[in-house]
Amino acid sequence: MSYGPRMTDTSPKLEGAMATFRQVDDIEWTVVQQQRNADGTVSSVREKWPIIRPDFLSAYVHYEAGMVVRRHGHRSNHIVFVLGGGAWIGGEWSTAGMHVHVPLGAAFGPIVAGPFGVTCWELSFGEFGGWGDQQELYENEIRTRGVTPLPDPPIEIGDWFKDPRGDWGNRTSLAQGSGPEGSPDIDGRHRVDRGQAPAERRWLDLRGTREMADRGARLHVRVHRVRPGDDHPSSRALRPSSGLRHRRRAWFGDRWCPAGTHIELPFGAAFGPIIAGDEATVFLELTDGDFRSWGDQPELFDQAVADRGVTPLPDPPIEFGEWFDDARGYWAPQAQPASS
């Protein structure tokens, strides 16, 4: 059987481009900031880095209870997604499901971790070095809580790494540049928060199937789009129903990926098909740039569908705006040679 049109125009598929899988549990914690609390205990910020390089950061971050982090920005688009616990971010209480977009030129915070700490996923799409903003806000927070900052623990990453933890910068514009002595702060540029509590989110059905072996039950991929647009990072919380087969385009193939799996899909690569487990799955997907998908090796999808007695259903309609070009039916032609 076949599913969807086999389009023949060009695609970004590159021969040799491959996904990279890492399990967060296999990565060591790195302590990046510490403080002594009023009661004499020490709190810290700990991070795990599935990806850390000059042009990209993907970080699993835990702020221990009461930890205070300065108001700051990053030197690229930055995303924070709260996974668990809670924190005050710029005085606003944020819990699991809160999505924060900090565009280049914006700052957020101070961050004050709640009584049980807070765990986040953070990504920077470009240079990730931070710059402190409004130092008086941080000083007021630590004074109010009786916190004493401790020296930053040393970090050894590579010769390219320039430690930004002591950089408070100054108010410059992007036109003037943004070296270590300055900041890319832009007046009027603010963070954008999107809560994902059940009352706030709106799930969209992107794809459906009918499993004949399961009494004809309808199964769907449901997506909550946090930041639709063609000039900003795209962030989606995806929840495929249990047993759903998905075409090969950005998924897991025959590799079992439990909670804590981190997957980087570089430009030109594909993976999948995805087959959700018996208890379904939830994951956070982020794309910097054009987020449209392209199907790869349709015969693999057709085989997975046939093996499981699945009948694909028409894609439910979705509307985001005139800029949106629906690519759910797109299948890539042959791969292009990878550039050297």
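These notebook entries record what I looked up about ring pairs and charged contacts in this structure.

**Entry 1. Ground rules.** I worked from a predicted model, in which local features need pLDDT of at least 70, side-chain atom pairs count only at pLDDT 80 or more, and totals for chains, interfaces and linings use all residues. Residues are numbered from 1 along each chain as its sequence is written, and side-chain values use heavy atoms, with hydrogens and water left out.

**Entry 2. Aromatic pairs.** I took rings of Phe, Tyr and Trp (its six-membered ring) as paired if their centres lie within 6.5 Å; planes under 30 degrees apart are stacked, those over 60 edge-to-face, and the rest tilted. By this rule I found 10 aromatic pairs. I looked up Tyr60 and Trp121, whose ring centres are 5.4 Å apart with planes at 45°, so the pair is tilted. For the elements I used DSSP runs numbered from the N terminus: helices (H or I) have at least four residues and strands (E) at least two. Tyr60 belongs to strand β4 (residues 56-63) and Trp121 to strand β10 (residues 111-125), so the pair ties together parts that are 61 residues apart in sequence.

I then checked accessibility, where buried means under 20% relative accessible area, exposed over 50%, and partly exposed in between (1.4 Å probe, protein chains only). Tyr60 is partly exposed at 22%, whereas Trp121 is buried at 14%.

I next noted Phe301 and Trp331, also a tilted pair, with 6.3 Å centre to centre and 50° between the planes. Phe301 lies in helix α2 (residues 298-307) and Trp331 in the segment after β21 (310-312), so this pair ties together parts that are 30 residues apart in sequence. Both Phe301 and Trp331 are buried.

**Entry 3. A ring cluster and charges over rings.** Returning to Tyr60 and Trp121, I found that ring pairs link them with Trp29 into a cluster. I counted a charge as over a ring if NZ of Lys or CZ of Arg is within 6 Å of the ring centre and within 35 degrees of the ring normal. Arg46 lies over the face of Trp29, at 4.5 Å from the ring centre. Arg70 is placed over the face of Trp168, at 5.2 Å from the ring centre.

**Entry 4. Salt bridges.** Side chains of opposite charge can pair when their charged atoms come close. My criterion was a side-chain nitrogen of Lys or Arg within 4 Å of a carboxyl oxygen of Asp or Glu. The structure holds 10 salt bridges.

Arg46 forms a salt bridge with Glu64, the closest N and O atoms being 3.5 Å apart. Arg46 lies in strand β3 (residues 42-53) and Glu64 in the loop between β4 and β5 (68-69), so the pair ties together parts that are 18 residues apart in sequence. Arg46 is partly exposed at 22%, and Glu64 is partly exposed at 22%.

Arg75 bridges to Asp167, with the closest N and O atoms 2.7 Å apart. Arg75 lies in the loop between β6 (72-74) and β7 (77-89) and Asp167 in the loop between β12 and β13, so the pair ties together parts that are 92 residues apart in sequence. Arg75 is buried at 10%, and Asp167 is buried at 12%.

I also looked up Asp326 and Arg328, whose side chains meet in a salt bridge (2.6 Å, N to O). Asp326 is partly exposed at 36%, whereas Arg328 is buried at 10%.
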